[in-house]
Amino acid sequence: MKRIGIIGGGASGIICAIAIKHQDSDANVVILEKESRIGKKILMTGNGKCNLSNLDLSLDCYNTDVIYDSLLKFDSQKCIEFFERIGLMVRIDNSGRIYPYSERANNVLDILLYELKRLNVEIVCDFNVIEIKRTDEFLVYSDRYDFRNFDYLVLATGGLAHINYDYQGYEIAERLGHQITPLRPGLVGVKVKENTTPLAGLRMKANVYVGEKLSYGEVQFKKDGLSGIAIMDMSRYFMPDIKIRLDLMPDKSHDEILSFLENKNLEMALMGIFPKMIAKDLLKQSENNIYSLVNIIKNYEFTVLDTYGFTNAQITIGGVNHKEVSPFNFSSLIVDKLYIVGEILDIDGKCGGYNLHFAWTSGFLAGVDIGLKGREEQ
């Protein structure tokens, strides 16, 4: 009987355990989780609704194209089929985002926990891994001087975002010989130099530019910065002093806006387009000059100070170098029988279910590979 240890009980670790057992029901699969329960971050995804995946899995939704083959092997339809197989009904919104039918993340976790129990996957919580030794097997030690030994090992420790994870997973991967690319917050809002306090709480649809990079969607103004999906999707390009440019009327040309504003009281005309405080700020910046006003509407600029950090981020940018794992099954190219899945890898996507889908994909494909290998070796 093959012994498989999975360090981390998040989305990728859980689906990996299930996939292994679906392939090899006799495998001894153990999830080692340092928290008091598994799946805590799943409950936070999609604002508590759990955006499982997205019908549009085009490669421009991710920071790298190396996952092309893995997306072909576990696409959005296969993701739907997996969850329906274990008892979860899904629904798809008008933008192609896939949710549980209940739109409640706890239903997703409940179904996953039920399947783990049905398959006799052992779950060990409060197991904080501090060291791994590789001999002819993997010896995994906790901070309580407990240890487990495994034939196969999966690192699914997650990233630094949202929950206060530490760097333990990255340190473990590094000690096993893997390179860690620089870590920083992703899908996160940004603090700016300009005074946005009067605009706090307002939301606008806009084109967001950072250099030549473009994102469209909602921008939320905060008392000291900007957030919203369109801002968060651009977070990988944020650095101090870089300019963020908003086109507040992306569907209108300069000439169309100018034509609408001409021969009108500018303050009243702006109130017919924008929220009051944005209208006032635009008018103030333009000094009541109609041509300057039109330019500012199309180029509403802010200067980056910093992001809101890992505690407010949805994902971690950077991690274990993806060039050191197989894009087909996420096995390590450095350590035999080691697999690395989920957010600990330096692969990330934009808002809309893409990062959770990658967690499902990497965990599932690793689990299938381990399950098949374990069965063949019996």
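How many disulfides does the structure hold? The structure holds zero disulfides, a disulfide being a pair of cysteine sulfur atoms within 2.5 Å.

This is a predicted model, in which local features need pLDDT of at least 70 and side-chain atom pairs count only at pLDDT 80 or more, while totals for chains, interfaces and linings use all residues. Residues are numbered from 1 along each chain as its sequence is written, and side-chain values use heavy atoms, with hydrogens and water left out.

View 1. Cys 79 is buried, with a relative accessible area of 2%; buried means under 20% relative accessible area, exposed over 50%, and partly exposed in between, with a 1.4 Å probe and protein chains only. For Cys 125, the closest cysteine sulfur is that of Cys 16, at 17 Å, again too far for a bond, and Cys 125 counts as partly exposed at 26% relative accessibility.

View 2. Six strands form a closed barrel in the order E12-E15-E14-E13-E16-E17, with antiparallel pairing; two strands pair if DSSP finds at least two bridges between them, and helices (H or I, at least four residues) and strands (E, at least two) are DSSP runs numbered from the N terminus. On average, neighbouring strands of this sheet are turned by 50° against each other, direction ignored. Helix H10 (residues 290-298) packs on the sheet, where it touches strand E16 (243-247) and strand E17 (300-307), and its direction makes about 110° with that of E16. Contact means heavy atoms within 4.5 Å, and axes are lines fitted to C-alpha atoms, for helices over the stretch in contact, with angles running from 0 to 180 degrees between N-to-C directions.

**View 3. The pairing of strands E14 and E15.** Strand E14 (residues 213-222) and strand E15 (residues 225-227) run antiparallel and are joined by three bridges. Phe 221 stands opposite Leu 226 in E15.

**View 4. Positive phi at Asn 263.** Although Asn 263 is not a glycine, its phi is positive, at about 65°. Asn 263 is found in the loop between helix H7 (254-261) and helix H8 (266-271), and its relative accessibility of 85% makes it count as exposed.

**View 5. Positive phi at Lys 337.** Lys 337, a residue other than glycine, has a positive phi near 70°. The loop that holds Lys 337 lies between strand E18 (315-317) and strand E19 (338-340), and Lys 337 is partly exposed, with a relative accessible area of 27%.
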